[in-house]
Amino acid sequence: MELILALIALPLIAGLAMLAVRGNKLRAALLCAVVIPVGVASILLTAMDTPFTSSLVNLSGPAIHWSMFALEMLMGLFMAAVGVRYQRPLIYLLALSQVAILGWLEVNAHGAESAAGILYVDKLAVIMALINGAIGGGICLYALSYMKDYHEHDHKEVADRRPLFFALLLIFMGAMFGLVFSNNLSWLQFFWEITTLCSFLLIGYTQTPEAHKNALRALTMNLLGGLAFSLAILYLHRKNGPMDLQSLLASSKAIVLLPAALLAFAGITKAAQLPFSSWLLGAMVAPTPVSALLHSSTMVKAGVYMVLRLAPVLAGNSVGLIVAIIGSVTFVVGSLAATTQSDAKRVLAWSTIANLGLIVLCGGIGTPEAIWAGVLLIIFHALAKCLLFLCVGLVEHKTHSRDIDAMSGLVVRMPRVAILMLIGMAGMFLAPFGMLISKWAVLKAVIDQYPLLSVFIAFGGAATLYFWVKWMGKIVEVVGKPEPLRPELTWGQASILYGMAAATFATCMLFPLISWALVEPYLAELHLKSDLLSHGNLILVMLMMALILLFPLSFLYYGRGGTLSEPYLGGANVDAGPTFVGSAGVITTSATRGYYLHGILDERWLARCGEFACIALLALMILLAVTL
Amino acid sequence: MIPWLNILLYLLLAPVVGGLLSGLDRIISARMQSRQGPPILQPFYDVSKLWQKQTLVVRSSQNFFIVVFLAAVIFTGGLFFSGSDLLLVVFGMTLAAVFFIMGAFKGSSPFSFIGAQRELIQVMAYEPMILLAAIGMYMATRSFQVAEIAGAGDHAAKVAGHTLPLVFALPGIFLGLLYMLIIKFRKSPFDLSSSHHAHQELVRGATTEFSGRGLALIEIAHWYESVLFLGWVYLFFATLPVLGIAVALLVFVLIILVDNVFARLKWQAALKSAWLVTLLLGFGNIVVLSLLR
């Protein structure tokens, strides 16, 4: 238990200390001194016997209680002040109403909280902590060299506020640990609000007008979720309901349906599901490590964590069904929207939103198979998406473009980064790698529970395939004789990226082990039993993987596959480039661009439709939860 | 024991049957156009000729994609004919298609690029329907195992004690699947990505930059694919094997007829119509099925 407390407290305290650190060397030393032990500890955590709860009495002591309350009030007032300063009435109204609710609860709440219930560690918390500690830690380390370049070379116009930046990263990390280990709802909300605040400050880091706008949008949407969270607590208090997550999940459904719906609402805002997807799309104005962090290990994962946590309450009722539909709609809209985009980061952002939709769908279904699939999706997605974001950041840094069509020939220009990206993309969608295994499980779970939802997965899956393969094709296509860009990777970047790629690869290969060691024990902790992938299918999947692994081996044979010739361009080729003598002797240059399905699909239109549908669904969900 | 025998039979016989079907395709097409057409063994002659020709490539690795493509097609067919999980078969087919498309992208000429893009659009067009077909079969038989689906037929509908073929429960899905087969076989009106007939804007599309052994492998993979897809058709009638084979052959002839009757459509039309068919026939069938049961 001391280890758990240390995991929460160490990044938080070090983060505050980071505010005072000015020197680059000292900052790097402090960051390593925090991130490396935290990462190791979060890995060690997987070996611990779970579940267990906190037994330390002083956690519920008045000192901690009052300081948390004071901090929460301060955060609320700060956000309200932000709203006043930027003249966003919605922000200060939301922030102030939350402050009012918390204040009212503080005055009216009687009886001490039980010490035993404050923290609770089970396998799901351990998995989330592992993602946060290992991947989040990797991103923090990567950010050291990235931000140095960012301020000293690429973006001299942006004010250098690195002390604040790294402080926020660490506080974010600590809050995420707190969030996954908290069982007491007030504690959970405390950390929930910290992540909202940190993401607001990080998105607005560059202080450009666009960054301000997008940061404020993120704040508004997440405050809405925060308000739903405090309403859930308020309701439970009024009804003398359980004030901690585990009792909430265990109690009779009638009392907890509305709070569960409100908490799911909060989770949906944080997981950037429709209609709240725009905050995550806007978040890419921030430096790349922030995008990687928001998309893979923290923030959005807090949202899906919340929905998956609630799965036992959501299973088999109308609130759960609506959550599942929102997830499916988001999956389809996100995937289709991604096919229309050529901006690499925007494609990644839509794909994150779509994949989170799948996880939310799993939470809404809530059967053991669905939970299994959802947890595995979280793991695979965190790794692959982090790798992809960092790689795209590097490509943008070197080529000054993040247009997918400009990535033609990347496999020659930046071979190592290109191969890392291909690994990440294969991990995102291709059979038999991780995500596909989970999608397979999602499909089976959906068909048994709500077969009609399978149509969403069918269409969304096809669109997913389209935009990833199109991108992969652009990377492997080589037109003319492009020159390699040197130096491609620094030593520090290479070690982080190779580590991520190795981890992506290892989780794909070893997913039965992960399932056996972490995910199935979690289901057992929930007293659920399920028959997952059958033994025979597992062997087939492994065979398929062996088939794919033949591909890299074929490079041993490289250059002996045939006689090299020039591509056919529609005339006599000139030089080695994409130039040819066309009809009437005119020298013509050929160029290719991907298809973005314009005229059939439109991003804005898709997003609008999805938003309207999901707003209606959310309203229906709350209505049903109130009346049932 | 039986699955292994099935796999062996598939490995050995599928290219023979597929090649013969391809020869038959050319004869029937020729007769529809009042021509004599080549001998039925012509596809085999073509492939053996290709095998002896010099293999020209634009990029050294492009043919490796094709080798993995062929391996994935064979593997997927093996899954199907050994009676394994139908969803895994769908994913395996997608995997194979992805490798073919990547090979075409690697070809790096504008024609090959356009072919790859269009092939990708075709995959996106037909994939939802194929997935829904697998789901429909599961809803009708409560199993994803091809062996059990083939043995089960339509449980709910029995006439005089006999189990009716699956097609009675899944008529919409059957028709929808036929539509997707035209796209999958790259037949007109959906021969968008690579066509047997010359088209100025496309040349040979996805296969433009393949020659010699690379092209031969693509042809062989196509034979395996034909057998696999007709296997899907057969599955709808699997309780009556003779009828199943007859329908599969009939479907094959029907596709050739469609190929010869229609002019090529744009990719927009392919995508829109395929998804509309999927929604109306495929999803409609699933809605009805879930209401009835």
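Six buried residues are listed below for helix α3 of chain A: Glu72(A), Gly76(A), Met79(A), Ala80(A), Val82(A) and Gly83(A). A residue is termed buried if 20 or more other C-beta atoms, placed from the backbone, lie within 10 Å of its own, exposed if 12 or fewer do, and partly exposed in between. The model is predicted: local features need pLDDT of at least 70 and side-chain atom pairs count only at pLDDT 80 or more, whereas totals for chains, interfaces and linings use all residues. Residues are numbered from 1 along each chain as its sequence is written, and chains are lettered from A and ligands numbered from 1 in the order in which they are written.

The buried residues of α3(A) pack against α4 (89–108), α7 (185–203) and α8 (209–238) of chain A. Contact here requires C-beta atoms, placed from the backbone, within 7 Å; helices (H or I, at least four residues) and strands (E, at least two) are DSSP runs numbered from the N terminus.

Chain A is divided into domain 1 (1–314), domain 2 (322–558 + 593–628) and domain 3 (559–589), with bounds from an automatic or database domain assignment. The centres of domains 2 and 3 of chain A, taken over C-alpha atoms, are separated by 37 Å.

The largest nonpolar core contains 353 residues, and those with the most contacts inside it include Cys362(A), Val442(A) and Phe69(B). Such a core is a set of buried Ala, Val, Leu, Ile, Met, Phe, Trp, Tyr and Cys residues joined through C-beta atoms within 7 Å. Helix α17 (368–399) of chain A provides the largest share of this core, 22 residues. Domain 1 and domain 2 of chain A both give residues to the core, so it lies between them. Beyond its neighbours within four places in sequence, Val442(A) contacts Leu358(A), Leu361(A), Cys362(A), Ala370(A), Ala373(A) and Ile457(A).

The contact between the chains takes 49 residues from chain A and 60 residues from chain B. On the side of chain A that touches chain B, α21(A) gives the most, with 14 residues. Two bridges join β3(A) to strand β1 (residues 56–57) of chain B, and the strands run parallel; pairing requires at least two DSSP bridges. Thr563(A) has Leu56(B) as its bridge partner in β1(B).

Notes: Two residues are in contact if their C-beta atoms, placed from the backbone, lie within 7 Å.
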